[in-house]
Amino acid sequence: MTTKLMGQKVQRVEDQRFLRGLGRYVDDVAVEQDVLHAAVLRSPHAHARIIDIDVEAVLDIEGVHAVFTWDDLASCTPMMAEPLPLLIPHPALTHGRTQYALAKDEVNYVGEAIAFVVAEDRYIAEDAVGRIRVDYELLPPVVGVDAARAAKTLVHDDVPGNIGARLEQNVGDAPAAIEKAPHRLELDLTIERSACMPMEGRGTVARWDPDLNRLQVWTSTQSSTGVRAAVAVKMGLDLGQVDVITPDVGGGFGVKINHPWPEELLVPMAAKALGRTVKFTEDRREHFISSAHERGQVQHIEVGFDDDGRLLGLDVEFWHDHGAYIPYGLIVPIITSTQLLGPYKPQNYRVVFESLYTNTVMVTPYRGAGRPQGCYAMERTMDAIAAYLGKDRADVRAVNFIQPDEFPYDQGLIFQDGRELEYDSGDYPASLEKLKALVGWDEFPAFKAEMAAQGRQVGIGLACYVEGTGVGPYEGAHVHIETSGKVKVATGLTTQGQGHATVFAQLVADELGVKFEDVEVVTGDTRRMPYAVGTFASRAAVMSGSAIHLAAKRAKEKVLKIAAEALEASEDDLEIVDGVVSVKGSPGTSIDLGTVSVLSNPLRYAFDEASKAATQFSVGDPGKPPVPEDEEPGLEGRDFYSPERATFASGMHAVIVETDPETAEITILKYAVVHDCGHLINPMIVEGQIHGGVAQGIGGALYERMAYDESGQLLNASFMDFLMPYVTEVPDGIDIDHLETPSPLNPLGIKGAGEAGVIPSAAVFAAAIEDAESITITAMPISPSELYALRLENS
Ligand code: MCN
């Protein structure tokens, strides 16, 4: 392949639309004027039995078309009355529980859906929701890890100890190694619950076509094919009867991969039952209380090490607050437990976790998915070892690194899919050197002394991580060259702002030899690409990128065959430049891609200028097939890519903070990132991804948390109370340097990048604040008032 555009900072093609307000989201989908609107009655209690639901008063309200409770679901289809699917089951998940689309006889968190009202407009629907009467028998709620572990109350009667899963992995004998080690330390670390806040919340529109016997669903999701599969099975339809179309998505960050949400089933169900188009758009409060959260984890670490800080044994136990249900398997705690080790190679490792049920919003992956918690545990341990030995924190990390000549490196751990986790490539020592230079690590002590002389407190921290990206099972692509010579590319995963339309066009332009602006990319439309998985786990670049590259290669092979025949030349002598195929060294002997496309189609029409009519015509020898013998008509290529295993990206971040000696305000003075995602398709987009991740990480480390009270009420379920960083809290300049160790696992040598920015935040900020303040931080996030309280405790 040529690498003309690969690696270049090509401007994002989608931004013209987004910046001018021309994005088209689910709420903008053009549907009939008389679309019906839905609203959801949600539980006001964290834990209660439903004794009775009275909807009588609502049915008489003018403009109300239907009210559904659990009792009505079975009459739509029997499957609708069953619990929602459990995605990615795991043998250790012995007590998996998922919610019903509408609560059956119990509610387990504030926000759980109980009734679904469909009305002429949203106002009527909301008013109707307010008039449904529910009698509850209140049950004691379980809030937080401690209450779940105490198990005085059970979230689900049939789940003993509130334990959904317990999983232990051992590499060597960590307890024995720690026992024998010259030095030992123990740490208790907590990280609080938070959640992603995409600008666009969840939303679904559905229309049933009785003539075609077909359902059309538009939804704001990270997996159109996942929603399609769930809708089809729940509604008793064939896959071929359901189209799911995902227009622009205003951010997903993980929460929209949890397919299906109850509303994604209820909207199509109501549309079919009523024979009308139905629409649901989530509001912000609903996003807080009825989508998903993550991060909440309590961790206990024991470590044994030698005089250089080399890890001899690491024993990690953690408790994962999974919320009321486990819809997404054990993916988050499994990622914590298997990727916690980062770039290091402890000789012995034991990890055990429990996934606990609580009466709070359920937990599904949020950008980083378990890695921020793991990185926090590992990196705080490294800092503690360095402090104990009086060594430089970077040096302690360096002695533990997997070396460049040790790849592929098997950590001896088993991942979610039951396969061994193996790092494919990387160069951690080189990354660390780059980071130290970028942030001024060696110069920092002098800077700190200089600042101290002025009465100012500054601190520096660093944190390292790895990220398994580009997971399977597969992704596909279809590349079609139109008779205009323009190229349409379809891949089935969805896009939420990552710039896929740009990077995928770069790959196609390079492979096919067409102009970048002549390539148009379509994502997330099951009509165009029915077989696909979705956008999560930083997989689009690796998965769809590779599939697109392979599909373009196939299309190119066909172009060359047809063009060779037309030009009476050998395929090997042809080249494609800017959409024109020509004989190398003889540019006059050429044919453009549009004409090759015309030649590939046996039924051709031409527009006759004189008669202003389209006339059918044929080209070439009538007795001869229109395309080469072993090819099908049409100028297109389709291929799928399925990787051997995940490819491991890595990174290291450092931050310098200043803490105000009086107010405890925390200010970021410098933020530096070294990142390795193999070959970069578009460095500008990767850097944008890192910036976004760092901003989210700053939120998670310093501001954001889900503030539940003891009764399970979320006290800060609005942007008035849930603090997100604004542009004023994110540093202007984030210094980024790249290292490109290509992945040997895919044709382009790429690794994913979409989550990296957020992974080390809790670790790196805790380290830097600790350094500035000379106190120990064990709980994140940390606000100025918490820092102030810590100072008082330590004074
Ligand atoms: N890229 C590249 N070269 C590489 C690797 C990636 O140019 N070597 C580019 C990709 O082509 C893509 C972007 O960087 O345009 C991110 O690529 P990738 O790491 O493959 O991640 P995905 O595209 O699969 O996106 C998913 C990832 C995840 S898991 C979350 S969560 C997340 C994130 O992306 N959610 C986002 N970034 C987000 N960005 C926005 N704006 N909105 C979200 O919801």
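Which residues does Pro-141 touch, not counting residues up to four places away in sequence? In this predicted model, Pro-141 touches Ala-46, His-47, Asn-359, Ser-711 and Gly-712. Contact here means that the C-beta atoms of two residues, placed from the backbone, lie within 7 Å. Pro-141 sits in the loop that runs between strand 6 (133-138) and helix 5 (145-150). Helices (H or I, at least four residues) and strands (E, at least two) are DSSP runs, numbered from the N terminus. Pro-141 is buried, since 26 other C-beta atoms lie within 10 Å. The cut-offs are these: a residue counts as buried with 20 or more other C-beta atoms within 10 Å of its own, as exposed with 12 or fewer, and as partly exposed in between, with C-beta atoms placed from the backbone. Pro-141 and Thr-358 are 217 residues apart along the chain, yet 7.8 Å separates their C-alpha atoms.

A word on numbering and confidence. Residues are numbered from 1 along each chain as its sequence is written. Because the model is predicted, local features need pLDDT of at least 70 and side-chain atom pairs count only at pLDDT 80 or more, while totals for chains, interfaces and linings use all residues. The protein chain comes out with an average pLDDT (the predictor's confidence in each residue, from 0 to 100) of 94, and 96% of the residues score at least 70. For the model, ipTM is 0.99 and pTM is 0.95.

Next, the domains. The chain splits into domain 1 (31-139 + 196-290), domain 2 (373-471 + 644-794) and domain 3 (473-492 + 500-525 + 532-641), with bounds that come from an automatic or database domain assignment. Between the C-alpha centres of domain 1 and domain 3 there are 41 Å. To their contact, domain 1 gives 10 residues and domain 3 gives eight residues. On the domain 1 side, helix 7 (residues 224-235) supplies the largest share, three residues. That side of domain 1 is made up of two nonpolar residues, eight polar and no charged. Ala, Val, Leu, Ile, Met, Phe, Trp, Tyr, Cys and Pro count as nonpolar, Asp, Glu, Lys and Arg as charged, and the others, Gly among them, as polar.

An unreviewed UniProt entry carries the annotation "domain: Aldehyde oxidase/xanthine dehydrogenase a/b hammerhead" for residues 20-140. UniProt positions are given in the numbering used here, feature names are shortened, and annotations may be inferred rather than shown by experiment. In the model, this span is 17% helix and 28% strand, and its end C-alpha atoms are 50 Å apart.

Two strands pair if DSSP finds at least two bridges between them. Strand 13 (residues 297-305) is mostly covered, with eight of its nine residues buried. Strand 8 (residues 183-191) runs antiparallel to strand 13 and is joined to it by nine bridges. Across this pair, His-183 is opposite Phe-305, and Leu-185 has Val-303 as its bridge partner. Strand 13 also pairs with strand 14 (residues 311-323), again in the antiparallel sense and over nine bridges. Here Ile-301 faces Val-316 of strand 14. The hairpin of strand 13 and strand 14 has five residues between the strands, and Gly-309 takes a positive phi near 90 degrees there.

Strand 29 (residues 666-676) has nine of its 11 residues buried, so it is largely enclosed by the rest of the structure. Strand 28 (residues 647-659) pairs with strand 29 in the antiparallel sense over 10 bridges, and Ile-656 has Lys-670 of strand 29 as its bridge partner. Six residues lie between the strands of this hairpin, where Ala-664 has a positive phi near 65 degrees. With strand 30 (residues 734-738), strand 29 pairs in the parallel sense over five bridges. The bridge partner of Ala-672 in strand 30 is Asp-735.

Finally, Gln-696 lies in helix 18 (residues 683-703). Gln-696 is buried, with 26 other C-beta atoms within 10 Å. Neighbours within four places in sequence aside, Gln-696 is in contact with Arg-367 and Val-758. Val-730 is 34 residues from Gln-696 in sequence, and their C-alpha atoms are 9.4 Å apart in space.
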